[in-house]
Structures are given as structure tokens and as C-alpha cells.
Amino acid sequence: DWLRQEEPQASDTEIVRMRRERVKMLFNSLDMDGTLAAWRARQGIPPYLRPIEGLRVTAGGRTWSLRAYIAAQEVGSHWLARELPAMHEFVRSWRRCRRGQVQHPERTLASYVFQEAEGLSRSAKLWWCRVGGHAVHNLQHDGVVVTLARGVSDAEAARALGEVCSHALAYPQEVEVK
């Protein structure tokens, strides 16, 4: 595949990691009003390669469609602006005063909304660390750098943190050890 051609000396494990990172970048971009075409250009993916717009994944009797996801994200920031008019106006005013520009305040609003979920997830992780006697060394945007208490494995910690984060967020949230 294209990534293997770009990185011929990369191991299979490295290729999987690079693919995962690139897909994560794609979703972060789409979540903030980016486009698939712009992501492909940033990744250096030639336009002649097989398009992924039609990607569909079926699991557990349900089908997820990349095309449907993109369509939903294209209106998401504007939906938030309509649903949170006071916050949208606050962002617009703040940007005007601070930067003299008002381009895309709905994107800044969406970023603030996403930060709220990241903060809830991080707070749940901190609570779990405090209760379990784990040492917190550093806070990340939605994670924590931790030394686990003796006897707690990375896998146990990831499972338990996933449970507390899912409870705090009210939707399933996997946690991975990095």
C-alpha cells in the first residue's frame, strides 16, 4: 500500500501505528470543519489512490459510514452555534476584541465544547488516581501521566480508567496506555 511505499523500512507494527495516527488526524480535522481532501493533501496522499469516502464498517449488526460521518460533521459547528447562541456571540465578541477578526467563531465554539469532554475525562482519571494511590506527574489535554501503584498493571489501569471515564462522559470511552 501507499504508506508501505513511503516508509519501506518500517515494521508492520510501525505501519499500524502510523495508520492509526493518520486516521486520528483525519477525525480531529473533520471534527473541526476540515475536509477529507485537505487531510489527504497534508498527508501527501496522491489523488489517484483509491478514495476512502465510501468506507463502511459493519459490526454488531450496525453499519458506520465515513460519508455519513463527514456529512454530519460538516453541519456540526453551525448546529452548535444555533444551539448555544449566547456562547457563540461571546466567542464572536471575544475574537473581535482580541484579534480584530471574526472568521469562523463556530469552530472556536466547537473546540470549547470538545475541551469540556476532555476535561471531564481528565478529572475522572485524576479521581481514579487519587483513590487508588497512583502518582500523577503531568496533565495532558485529555490524559494524565501516572506512575501506577504497586501491583496494578497497565492493562488493569486502562480498563478501570475506561470505566470511570465512560461513566463521567455518559458514553463509552476507551483509554489506552501510551
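Guide: On a 1 Å grid over the protein atoms alone, a pocket is an open set of points where a 1.4 Å probe fits, with protein on both sides within 12 Å along at least five of seven lines. This is a predicted model, in which local features need pLDDT of at least 70 and side-chain atom pairs pLDDT 80 or more, while totals for chains, interfaces and linings use all residues. Residues are numbered from 1 along each chain, and side-chain values use heavy atoms, without hydrogens and water.

Visitor: What volume does the largest pocket have?

Guide: Lining residues have an atom within 4 Å of a point, and 36 of them line the largest pocket, with Lys-24, Asp-142, Gln-173, Glu-174 and Lys-178 the closest to its centre. Counted as the space filled by probe spheres set on the points, the volume of the largest pocket is about 1500 Å³.

Visitor: Which element gives the largest share of that lining?

Guide: Helices (H or I, at least four residues) and strands (E, at least two) are DSSP runs. Those giving two or more residues to the lining are helix H2 (12–31), helix H6 (105–132), strand S4 (144–147) and helix H7 (154–169). The largest share, eight residues, comes from H6.

Visitor: In S4, which residue is the bridge partner of Ala-135?

Guide: Strands pair if DSSP finds at least two bridges between them, and four bridges join S3 (residues 135–139) to S4, the two running antiparallel. A hairpin through four residues connects S3 to S4. Across this pairing, the partner of Ala-135 is Thr-147.
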